[in-house]
Amino acid sequence: MPQGVVIIGVQWGDEGKGKIVDYYAAEANVVARFQGGNNAGHTLVVQGKQTILHLIPSGILHPHAECVIGSGVVVDPEVFLAEVDVLRKAGVPNLEQRLALSDRAHVILDYHRKLDAAREGNAGDGKIGTTKRGIGPAYEDRAARRGIRIADLYNDKVFAERLAQNFAEKNFLLTEYYKAEPLSMDQVVEKYRRIAEQLRPFVRDTAKWLNDAIVCGRKVLFEGAQGVLLDVDYGSYPYVTSSHTLPSQAALGLGVRLPKETLFLGTIKAYSTRVGEGPFPTELEGDPEGIGEKLRLTGKEYGATTGRPRRCGWLDLVAVRHALRTCGIRHLAITKADVLTGFGDLKVCVGYQRKGQRFDDWPADTTMLDDVEPVYETLPGWTASLDGIRSAADLPKELKNYLRFIEEFTDTRVNLVSTGAGREAVIDIHRAF
Ligand code: GDP
Ligand code: IMO
Ligand code: MG
C-alpha cells in the first residue's frame, strides 16, 4: 500500500468499508477514524468470526496496528469503554497501548441521545430516521460552542459549568417543547469523573502524534464512516448525517497533513441500500419480481447498528457519479459482487426521467427525486459462484463487464473486488494509483 490510504463510502453507508479497511490494515501501521460516531457499524469477519465496530477503527483486530479516534469524531464514552471491554474479552491484545482517543473530540452525553430521540419522535413524516445515537445534537453543540470535549472532562470547573448551562437549556427544550421527561443532573458529574479516569490511558493529542508518525514514514489508513450521499453538504439533504463524509475530512478530522503518496479509495456496494428516510430512486420495495426482498435476504441487509432492515435497490450510477465527482475519487473497491450471483439480468441506473424530461445529475433540491423514474441499462448477469476466486482473470466475464461499465460511466478504476464477507474474500486487481 502507499503511505496513506483514505477509504470512504460512496453511497448511503454500509458499503463494506470496515471489511476493506481490515484488508489493508494487514500492511498499515496506523488506522484512524476522522468523523461520525457510533452511528457507524463496521463489520469484520475473520476466520468465520464476526465483529461489529461502532467507534473503534477497523484495524484493531490486527495486533500490530495502532488505532486513532480523531477530533472530528463525536465520542460516546460509555460506548467506547463498552467496545474496549468486548474486544478485551475477545482476547484482542494491548488495547491501552494501541488505541488513542483525541483530547479534542466532542463528547456525546445522555441529553444528546435524548434530544435525538425526542426530535425523531416529534417529527412525524418529516423524521430523518436517525440512529438515535445523539450524533446530530452533539455536532450542533460543537458548532454552537457549547460542546464538552474529552479534555474538558479533566477540568472540573469547565466541565461543571458547561454541563449546568447545557442541562438548563436541554431540559427546557425537552419538557417545554418536546413534552418529554427532563434529565437529572444528579450524579452526572460523579459518573463522568469515573468515566474520565477509565478513559485516561487512551487520551492524547492525537493530531501531534499522528503528524509525527506520518513524518516518520509510517503507513496510515484513514477510515471513513457513512457515505458521500449522507454528507451534510453534498448528500440528500436534509436526509443526511451531521458530519462531512468526504475524503477531505480525513485531514481536518485528524488535524494532519495527509502523506504525499495517498490513495483515495471509494467503496461501492454492487447494488444500493439505504437505512433511514430520504430519496432512493432505484429502491425496489414491493416490486412484483421481489428483487428488493431477494437482495435484502441474500445480502443480509439489516443495519449493523440498529438492526433495521435496509432498503434495497439496483445500483444507481447517477448518484454514485455525483458522489465520486464531489470528492474527486478515481479508484474503487466494489463489494458484495457475490450477492448478485444468479440474479439474472442486472439493471444499473444511468439517468432519471421526470415529467417527460430526462436528467442525469443529482439535484440540490432532492425532492425532485421523489417522483423520478430511473432509466436503466440492462447488463447480463452471471450464475457461477465466486467462492474461492482469488484472481481477477477467473471472474465470470459478465462480472468483468459489469465492473467495466461502472468504470466507464464514472471515469474511475476498480482496484479491489470483494466476493464474500470474510477477510480473505478480496481480489486485488493491482491497479496502482
Ligand atoms: P460498513 O458500514 O461500510 O463497514 O458496512 P457494514 O458492515 O455496515 O455492512 C456491510 C455488510 O456486508 C457486513 O455484514 C459485511 O460483513 C458484509 N460484506 C462486506 N463485503 C462483503 C462481500 O463482498 N460479500 C458479502 N456477501 N458480504 C460482504
Ligand atoms: P456506516 O459507517 C448507514 C444514516 C441513518 C439516517 C441518517 C442520519 O456503518 O456506513 P444519524 O444517526 O447519523 O443522525 O442518522 O444517516 N446513517 C447511516 N446509514 N450506515 C451508517 O454508517 C450510517 N450512519 C448514519 O440511518 O438515515
Ligand atoms: Mg455500516
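Residues are numbered from 1 along each chain as its sequence is written, and chains are lettered from A and ligands numbered from 1 in the order in which they are written. The model being predicted, local features require pLDDT of at least 70 and side-chain atom pairs count only at pLDDT 80 or more, whereas totals for chains, interfaces and linings use all residues; side-chain values use heavy atoms, with hydrogens and water left out.

Ligand 2 is surrounded by 20 residues, of which the closest are Asp 14, Lys 17, His 42, Thr 131 and Thr 241; a residue counts as near if one of its heavy atoms lies within 4 Å of the molecule or strand concerned. By class, this shell comprises 7 nonpolar, 10 polar and 3 charged residues (nonpolar: Ala, Val, Leu, Ile, Met, Phe, Trp, Tyr, Cys and Pro; charged: Asp, Glu, Lys and Arg; polar: the others, Gly among them). Ligand 2 sits in the largest pocket. Pockets were identified on a 1 Å grid over the protein atoms alone, as open sets of points with protein on both sides within 12 Å along at least five of seven lines, whereas a cavity is a set of points where a 1.4 Å probe fits but cannot get out; lining residues have an atom within 4 Å of a point. A molecule is assigned to a cavity or pocket if more than half of its atoms lie within 2 Å of its grid points.

Several polar contacts involve oxygen atoms of ligand 2, a polar contact being a pair of N or O atoms within 3.5 Å; within protein, one atom must be able to donate a hydrogen and the other to accept it, and residues adjacent in sequence count only if both atoms are side-chain atoms. A polar backbone atom of Asp 14 lies 2.8 Å from an oxygen atom of ligand 2. Taken alone, ligand 2 exposes 550 Å², and the protein buries 98% of that (accessible areas by the Shrake-Rupley method with a 1.4 Å probe; for residues, only the protein chains shown count as cover).

Around ligand 1 there are 18 residues, the closest being Gly 16, Lys 17, Thr 43, Asp 338 and Ser 418. The shell around ligand 1 divides into 3 nonpolar, 8 polar and 7 charged residues. An N or O atom in the side chain of Asp 14 is 2.9 Å from an oxygen atom of ligand 1. Polar backbone atoms also take part: that of Glu 15 lies 3.1 Å from an oxygen atom of ligand 1, and that of Gly 41 lies 2.8 Å from one. Taken alone, ligand 1 exposes 580 Å², of which the protein buries 92%. The space taken by ligand 1 is the second largest pocket. Two or more residues of its shell are given by each of helix H1 (17-25) and strand S3 (42-46), and H1 provides the largest share, 3 residues. Helices (H or I, at least four residues) and strands (E, at least two) are DSSP runs numbered from the N terminus.

An open sheet of 10 strands has the order S9-S7-S5-S2-S10-S1-S11-S15-S19-S20, with mixed pairing; two strands pair if DSSP finds at least two bridges between them. Its edge strands, S9 (203-204) and S20 (426-428), each pair on one side only. Within this order, S2 (residues 30-33) and S5 (residues 66-69) are parallel and share 4 bridges, with Val 30 bridged to Glu 66 in S5.

Strand S16 (residues 346-354) pairs in the parallel sense with S14 (residues 315-316) over 2 bridges, where Leu 315 has Val 348 as its bridge partner. S16 runs antiparallel to S18 (residues 373-379), to which 7 bridges join it; Lys 347 stands opposite Thr 378 of S18. A further antiparallel pairing, over 3 bridges, links S16 to S17 (residues 357-359), with Arg 354 opposite Gln 357. S16 and S17 form a hairpin with 2 residues between them, and Lys 355 in the turn has a positive phi of about 45°.

The loop between S10 (220-223) and H9 (249-252) contains Pro 238, which is joined to Tyr 237 by a cis peptide bond with omega of about 5°. Gln 226 is placed in the loop between S10 and H9; its phi is near 55°, a positive value in a residue other than glycine.
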